[in-house]
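Trainee: I have just opened this model and would like a friendly tour. Could we go through it together, one question at a time?

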There are 2 protein chains.
Amino acid sequence: MKAIYYDGALAFTKEYAMPKRKAGEALVRVLAAGICRTDLEIAKGYMDFRGISGHEFVGVVEQCDEKKWVGRRVVGAINCGCGKCAYCLRGMERHCPDRSVLGISGRDGAFAENLVLPEQNLHRVPDALSDEEAIFVEPLAAALEILEQVSIRPTDRVLLLGDGKLGLLIAQVLHRIGCDPEVVGKHRKNLSILSKKGIRTRPAEDETEMREGQPLRYDLVVEATGSPEGFEQACGWVRPRGTVVLKTTLAGASEIDLTPLVVDEITVIGSRCGPFAPAIRWLEERAIDVRSLIGRTFPLEEGLAAFEEASKREALKVIIMNNEQ
Amino acid sequence: MKAIYYDGALAFTKEYAMPKRKAGEALVRVLAAGICRTDLEIAKGYMDFRGISGHEFVGVVEQCDEKKWVGRRVVGAINCGCGKCAYCLRGMERHCPDRSVLGISGRDGAFAENLVLPEQNLHRVPDALSDEEAIFVEPLAAALEILEQVSIRPTDRVLLLGDGKLGLLIAQVLHRIGCDPEVVGKHRKNLSILSKKGIRTRPAEDETEMREGQPLRYDLVVEATGSPEGFEQACGWVRPRGTVVLKTTLAGASEIDLTPLVVDEITVIGSRCGPFAPAIRWLEERAIDVRSLIGRTFPLEEGLAAFEEASKREALKVIIMNNEQ
């Protein structure tokens, strides 16, 4: 089958072996897949992954044990637990130590004609959602994970660092639940998408001005900068005994001073993948706008150009379409 | 007055100016003061403090506005807030941005004949407690701060990294509340103090053995190693979605990879000073043993030798006594 794969370098091929479906798994024909920053990190060596990346997808089930799924349009949760360990048995399959993760670890992903996922990972896509919109289920679920981890009050002073593709979703989630978040970012075009929705934004270079205008620091800071400096910036902005949610994953270590975290008794919470069901509900209800976050689309054959586009500053969600029906 | 002071180097003098009491403050004659690892860090440049260090003390009030305090034996909370800012007004004076901290920041400390603290910081010492025991109120309060921050269940799998002076208190606190903590340390003599109390201990060099024997990682890891490696060790031992409490403060930054924290969705909580009232109650009730943690005592004149003793491996709490009554 056709696929974009990474093996020390990204390449396109028409000859990749079709994935093999095991019992309980579904063979899915990919309709479209979005490029995430994690895919760009993988192409730099993150997770030492080799194979087909891509984990934000929508597709149609072609083969499956449970016949009700066949022909259905689906999205899929990307973590595949072993189903037997203490984590899986506690409903924490996203943290199974033996898990595979679609397009990230131990399982080929969505930048291909077909992929395989356990049936239990599948979620039906409502007809009201286009393929392009459905691609946002996975990253919106990651944004919703913050609500699974932290109790956020409408009056909390909330700062979001980062206006990338995930940041634009997190900002809307924080706004949706009644907060008045402030978003600091480096991309004026992206910030303007948020300010049009009534969300307060500020370019990163205005930091000094912010610092002077703030009598109290923030109760909650969400760090989604994708940069090594994000963590210390977040700890600098949060109030004593406040909370920092950390979304950025990077290949490699950085020079970090943890003493301010101890002195200010800050809570830092790592946050990764999230729940699909509420993400699908919110997309169907149009609670979160993703249409204005859709960038350029490319056919699978032009996947390398798609990656190049996705790594540009201010790139919105770049989508690889599988046109062969 | 006599004092041990730091001004780029530690020195003893008989000629330090007596501290001046402001309205609302108490002049305290120091009876005894303990040397904490933070004092050793200050003598390496931590906090850029200049003056008299020492914050674990017991003394007698000599002058005070509130006459009831005069002649009383007291210990004292070390953070002195401004009393006016948003933090102080919310009862968070320990986090007042304009605070002074006894012997750590902006206020001379306890390695001297006298010190000055706000009256509201004072706590009466029960007669049943010796001077040496009363010195442990402050570090025990710091250990109790963990209970102020985290809800710990008796069935939680709890690991404590560090068997220094604070570690020996934290271990007893965790044991006291119904947990069966495991303590990993580098000092066999210190670990034996805990194992005699029925607390599980393991020398740090047995890490490989631990790792192989553990099907599940720990729900809670308390990091009190005092070393730069402690944080990453703690993140390696905690289970996905588990909690790390960080006690170590260090002068300077370290090379740290935060990605495991995000991938495993770990919560990290910085923890500093704690509440005095429950610490005094527990010491009076003999709920926590501190007698076996008392090391050598030195007169104020021999304070430099006391610091040398305190920096030795396996040193217990070294105490500087003020013999001039």
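Trainee: Which residue meets A:Asp219 in a salt bridge?

Mentor: Keep in mind that we are looking at a predicted model. The side chain of A:Asp219 has a salt-bridge partner with an N to O distance of 2.6 Å. A:Asp219 lies in strand S14 (residues 218–223) of chain A and its partner in strand S15 (residues 238–246), so the pair ties together parts that are 20 residues apart in sequence. Both residues are buried, and the partner is A:Arg239.

Trainee: How many salt bridges does the structure hold over all chains?

Mentor: The bridge between A:Asp219 and A:Arg239 is one example. Counted over all chains, the total is 48.

Trainee: How many residues apart are A:Glu265 and A:Arg241?

Mentor: Their side chains also meet in a salt bridge, at 3.0 Å from N to O. A:Glu265 sits in the loop between helix H9 (259–263) and strand S17 (267–270) of chain A, while A:Arg241 belongs to strand S15 of chain A. The pair thus links distant parts of the chain, and the separation is 24 residues.

Trainee: Is A:Glu265 buried or exposed?

Mentor: Buried means under 20% relative accessible area. The value for A:Glu265 is 2%, so this residue is buried. For A:Arg241, the value is 31%, which makes that residue partly exposed. The word you asked for, for A:Glu265, is buried.

Trainee: Which residue of chain B forms a salt bridge with A:Arg241?

Mentor: This pair crosses between chains, from strand S15 of chain A to helix H4 (residues 137–149) of chain B. The closest N and O atoms are 3.7 Å apart.

Trainee: Which residues are linked with A:Glu145 in a network of salt bridges?

Mentor: Here we find residues of both chains in one network. Along with A:Glu145, the members are A:Arg94, B:Arg241 and B:Glu265.

Trainee: What rotation superposes chain A on chain B?

Mentor: The superposition has an RMSD of 0.0 Å, and the shift along the axis is 0.0 Å. The relation is that of a two-fold axis. In chain A, the C-alpha nearest the axis belongs to A:Glu255, at 2.2 Å from it. The rotation is 180 degrees.

Trainee: Which residues gather with A:Glu255 in a patch of negative charge?

Mentor: The patch is on the surface and draws on both chains. One of its members, B:Glu232, is found in helix H8 (residues 230–237) of chain B. At 40% relative accessibility, B:Glu232 counts as partly exposed. With A:Glu255, the patch holds A:Glu232, B:Glu232 and B:Glu255.

Trainee: What is the phi of B:Met47?

Mentor: B:Met47 lies in the loop between helix H1 (37–42) and strand S4 (56–63) of chain B. With a relative accessible area of 40%, B:Met47 is partly exposed. Its phi is positive although the residue is not a glycine, at about 70 degrees.

Trainee: Where does A:Glu314 lie?

Mentor: A:Glu314 also has a positive phi, near 65 degrees, and is a residue other than glycine. Its place is in chain A, in the loop between helix H11 (303–310) and strand S19 (317–321).

Terms used
Residues numbered from 1 in each chain as written. Chains lettered and ligands numbered in written order. Predicted model: local features only at pLDDT ≥ 70, side-chain atom pairs only at ≥ 80, totals over all residues. Heavy atoms only, no water. Patch = residues over 30% accessible without salt bridge, like charges linked within 9 Å, V, L, I, M, F, W, Y side chains within 5 Å. Areas by Shrake-Rupley, 256 points an atom, 1.4 Å probe, with all protein chains shown as cover. Salt bridge = Lys/Arg side-chain N within 4 Å of Asp/Glu carboxyl O. Lys, Arg positive; Asp, Glu negative; His and termini not counted. Charge placed at Lys NZ, Arg CZ, Asp CG, Glu CD. Helix = DSSP H or I, 4+ residues; strand = E, 2+ residues; numbered from the N terminus. Buried < 20%, exposed > 50% of the residue type's maximum accessible area, 1.4 Å probe, protein only. Least-squares fit on C-alpha atoms with pLDDT ≥ 70 in both.
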